Amino acid sequence: MSVHGLDHVQVAAPRAPGVEERARAFYTGLLGLEEIEKPASLRSKGGVWFSLGRGELHIGLDDGFRPALKAHPALEVTGLDELRIRLEAEGHVTSDAEEIPYARRFYISDPFGNRLEIIERMEVPW
């Protein structure tokens with residue numbers, strides 16, 4: 001038995017009209033994620049899924065929704081500064097994250113108030 005990696009992460013959104021469209025506008029329109037089709041057996045639950053390359057990000061609808069203010073997915077990117085400028089130009093507030101070795105990063109909230117970390121790895125010198 002072994003764990004091979006992370007298959008997907010799910011964040012919640014409120015069950016309300018227009019939520020999937022807001023998710024698409026943010027995650028595809030601003031972050032550039034590709035939407036992927038949900039399996040037919042899960043479509044009736046609502047929500048939307050996005051590709052993260054080898055993994056997936058699922059936005060699930062929750063009747064008792066409360067945004068995740070501490071727990072968060074970290075999305076690895078290239079072009080961190082350009083993305084931050086684009087997000088701020090669209091009115092999204094970003095905040096600096098604590099420094100960690102060999103990475104630059106910041107935090108942002110999605111349209112539903114969930115915390116996201118945006119991280120760009122730097123080359124490790126060894």
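A residue counts as exposed when its relative accessible area is over 50% and as buried when that area is under 20%, with partly exposed in between. By that cut-off Asp96 is exposed, because its relative accessible area is 61%. The model is predicted. A search of the whole structure gives nine salt bridges, and the largest nonpolar core has 25 residues.

- Asp96 and Arg84 form a salt bridge through their side chains, with an N to O distance of 2.9 Å.
- This pair links distant parts of the chain: Arg84 belongs to helix H2 (residues 80-89) and Asp96 to strand S6 (residues 94-96), 12 residues apart.

- A salt bridge joins the side chains of Glu120 and Arg104 at 3.3 Å, N to O.
- Arg104 sits in strand S7 (residues 103-109) and Glu120 in strand S8 (residues 115-121), so their pairing ties together parts 16 residues apart in sequence.
- Glu120 is buried because its relative accessible area, 17%, falls under the 20% limit.
- Arg104 has a relative accessibility of 31% and therefore counts as partly exposed.
- The side chains of Arg105 and Glu117 also meet in a salt bridge, at 3.0 Å from N to O.
- Arg105 is in strand S7 and Glu117 is in strand S8, so this pair ties together parts of the chain that are 12 residues apart in sequence.
- Both Arg105 and Glu117 are buried.
- Asp81, Arg104 and Glu120 belong to one network, joined by salt bridges that share partners.

**Nonpolar core**

- Within the core of 25 residues, those touching the most other members are Phe26, Tyr27, Leu31, Ile59, Leu87 and Ile118.
- At least two residues of this core come from each of strand S1 (8-14), helix H1 (19-30), strand S3 (48-51), strand S4 (56-62), H2, S7 and S8.
- H1 gives the most to the core, with five residues.
- In soluble globular proteins, nonpolar side chains tend to be buried together.

**Contacts of Ile118**

- Neighbours within four places in sequence aside, Ile118 is in contact with Leu75, Val77, Leu80, Leu83, Arg104, Arg105, Phe106 and Ile108.
- Among these contacts, Arg104 is also the salt-bridge partner of Glu120, and Arg105 is that of Glu117.

Definitions and conventions
Residues are numbered from 1 along each chain as its sequence is written. This is a predicted model: local features need pLDDT of at least 70, side-chain atom pairs count only at pLDDT 80 or more; totals for chains, interfaces and linings use all residues. Side-chain values use heavy atoms; hydrogens and water are left out. A salt bridge is a side-chain nitrogen of Lys or Arg within 4 Å of a carboxyl oxygen of Asp or Glu. Helices (H or I, at least four residues) and strands (E, at least two) are DSSP runs, numbered from the N terminus. Buried means under 20% relative accessible area, exposed over 50%, partly exposed in between (1.4 Å probe, protein chains only). A nonpolar core is a set of buried Ala, Val, Leu, Ile, Met, Phe, Trp, Tyr and Cys residues joined through side-chain atoms within 4.5 Å. Contact means heavy atoms within 4.5 Å.
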